[in-house]
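User: I would like to go through the terms used for this model and see what each one rests on. Please set the values against the definitions.

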Amino acid sequence: MLRGRRTAALVAVLMAGLAAARAEEPPAGVAAAAAPASDAPAVEPPAAALPSPAEPPAATAAAPTPPPLPEDPVAAAIATKLADANVPLIRRLGRKEREAVQAFYALGAFKPVWLADGAWTEAARAVIARLEAAGEDGLDPLNYPIPLLGLPTRSPADLAEADVKLSAAAALYARDARGGRIDPSRLSRLITPKLDLPAPDALLGPLASAGPGAGALLQALNPPHPGYRALKAKLAALRAQTPGRAGPMVRLPKGPVLKAGMRDARVPLIRARFGLASAADADTYDAAVAGAVERFQRERGLAANGILTPETVAALAGPSPGRQEADILANMERWRWLPADLGRTFVWVNIPEYKVRVMNGTRVLDEARVIVGKPESPTPVFSGEMTYAVVNPSWNVPPSILKNEFLPRLARDPNYAARLGYEVVRRGNSIAVRQPPGERNALGFIKFMFPNDHAVYLHDTPNRSLFARSARALSHGCVRVDDPFRFAQVVLGPTWPTERLKKLIGKGERTVMLPEKLPVHLAYFTLVADETGSLRGIDDLYGINARVKVALGLAAEAAAAPEAGRKPGAKPPALPAPDARPHETRSREVRRQDAVQPPHRQTRPQETRPARTLAQAPRPPRAVAQQVEPPASPPPGGAPAGGWRWPNDEAPARRGWW
């Protein structure tokens, strides 16, 4: 209770500190009674002094007097600065992070965290060294400006600003190291990693108390995975070959030409680039900034007039990173989307590589080829947990596939469903289609489930010949696994060897639980390291790497990725009619498998809009369809006068990808 009352009092100081600072000085007796909680321990009032719950509050009770600012002048300046929401702490630090910084300082009575006797502490110097070396991990050091302490005659306000801004810079670095630089879901609604962004109030305390180890503690927030470390080493080697890249750079947003006396939101970035102390109006392009720009212009052979021209902006940005460096940085950024702990044993699917691996640490337990989603129906990027497998699965045709592809074929060929082994269930004026378990089932003999919002999973397929292709972006989003029973033996454990699983085939649907949840990571990397640490490039199947480079400012506008297996600009192959005769040289078994293999994912109608790609903006969530109950008795054969309706016609259910 004592701790709760003290915390509440400190938070009240935060909210009312600025108003209290401007209030008149209270009488001496009142000031003595309102001494800060940090000067003397709080005392629990006796029980008799507490008001009874049944007693109504006095009608004439006066509003409580706001707590005063701390007596320490630096602490008072910190409280004042944090209380003013209009005073920015650091660029790109969000509202929630700012509130967390406020809460952290409030719990410490607003005392400085990084200063002792007007100088940086050991922890502060270690944090500053890590911020200055942020480029080693592919981050931009200019995003974390180091505050200057100024002259020996610095004021409490200067010390307060330096302390708070170092906290803000450390909090921003921590967020970026864990993947907070860009929002992956804004690249595509199919990229949904769960980022573990550290809260500033939980981060700053351990950092401040870590002493000289604070820098290592901050750097450890970057990905620890071997694949990331290989990219980091390649980045260092590449930059070592480029003279002059170690110099400071700043990429300024677009804006007008600036002359002395003008105000612009880009000025703080220019101050940070030249190491200038902050001014009363941080956005003013004052004489100090203009002078620094003029000296820079003279060094670069530009017109030395102190005016921020487009040529000066380009020179400040330095040379653009080459394509190889940009690719490395974009792949490093995607490693931040993954959990720091991938799991002791986990399933790893690198989508553009067309491979699935079961890993134990860095050891490969199993590896197999996979078929992934087409560019117009891509496999999503996220992490989940596999919990069970289903042997002899059935397949319920999703409503949109039923509407767009199945029903048109059924209209042309009334025996289409029966010929392929589908069951058509009539429900009033609607129908549902189900493919029972069997050797012709679209999901094969087994599927592996890791429940997720995208309704995707790993599964078998009856069409084995497709695994011989080098480009295997052929599915509607799910991941088809080559040799699924070998894969099953690894993920289900020794109690389910291949022979036991195969004995279940043809005996009805059977659910097999995994002995423990198994992490599954559907990742997307176009640069992968081999056993020797060498990097190998992979085609950017969905264009995700290109869009990450654009989001990081490493490249211009990204173009949409072409469909796998054909040249950009070429027309997609036409879908053959169900009664079209295949080429006579193909075997009867292959022809039968090709005819059985149906589309596996719900898609929107293709007649009125282009194929969906990852580059499209996210759509709003769709309403969940209501279940259509079967009628008491089925209607007579034939289509009703009004034509067939299908379940979920008005509001499609969430997508199921196969």
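Predicted model: local features only at pLDDT ≥ 70, side-chain atom pairs only at ≥ 80, totals over all residues.

User: Why are α5 and α6 called oblique to each other?

Analyst: Helix α5 (residues 122-132) and helix α6 (residues 156-177) pack at about 50 degrees, with their axes 11 Å apart. Axes are lines fitted to C-alpha atoms, for helices over the stretch in contact, and angles run from 0 to 180 degrees between N-to-C directions. Angles under 35 degrees count as roughly parallel, over 145 as roughly antiparallel, 65 to 115 as roughly perpendicular and the rest as oblique. The pair α5 and α6 is therefore oblique.

User: Which residues make the contact of α5 with α6?

Analyst: On α5 they are A124, V127, I128, R130 and L131, and on α6 they are L166, A169, A170 and Y173; contact means heavy atoms within 4.5 Å. By class there are eight nonpolar, no polar and one charged residues. Ala, Val, Leu, Ile, Met, Phe, Trp, Tyr, Cys and Pro count as nonpolar, Asp, Glu, Lys and Arg as charged, and the others, Gly among them, as polar.

User: What makes α12 and α13 roughly perpendicular?

Analyst: The axes of helix α12 (residues 287-299) and helix α13 (residues 310-317) cross at roughly 80 degrees and come within 11 Å. That angle is why α12 and α13 are roughly perpendicular to each other. V293, F296 and Q297 of α12 meet T312, A315 and L316 of α13, a contact of four nonpolar, two polar and no charged residues.

User: How do you know how α3 and α6 are oriented to each other?

Analyst: Helix α3 (residues 73-83) packs on α6 at about 60 degrees, with the axes 8 Å apart. The two helices are therefore oblique to each other. Their contact includes P73 and K81 of α3 and E161 and D163 of α6, and its residues are ten nonpolar, no polar and three charged.

User: What lines the largest cavity?

Analyst: A cavity is a set of points on a 1 Å grid over the protein atoms alone where a 1.4 Å probe fits but cannot get out, and lining residues have an atom within 4 Å of a point. The lining consists of P193, R334, W337, L338, V381, F382, S383, L522, A523, Y524 and F525. These divide into nine nonpolar, one polar and one charged.

Methods. Residues numbered from 1 in each chain as written. Heavy atoms only, no water. 1 Å grid on protein atoms, 1.4 Å probe; cavity = no way out; pocket = protein on both sides within 12 Å on 5 of 7 lines; lining within 4 Å. Helix = DSSP H or I, 4+ residues; strand = E, 2+ residues; numbered from the N terminus.
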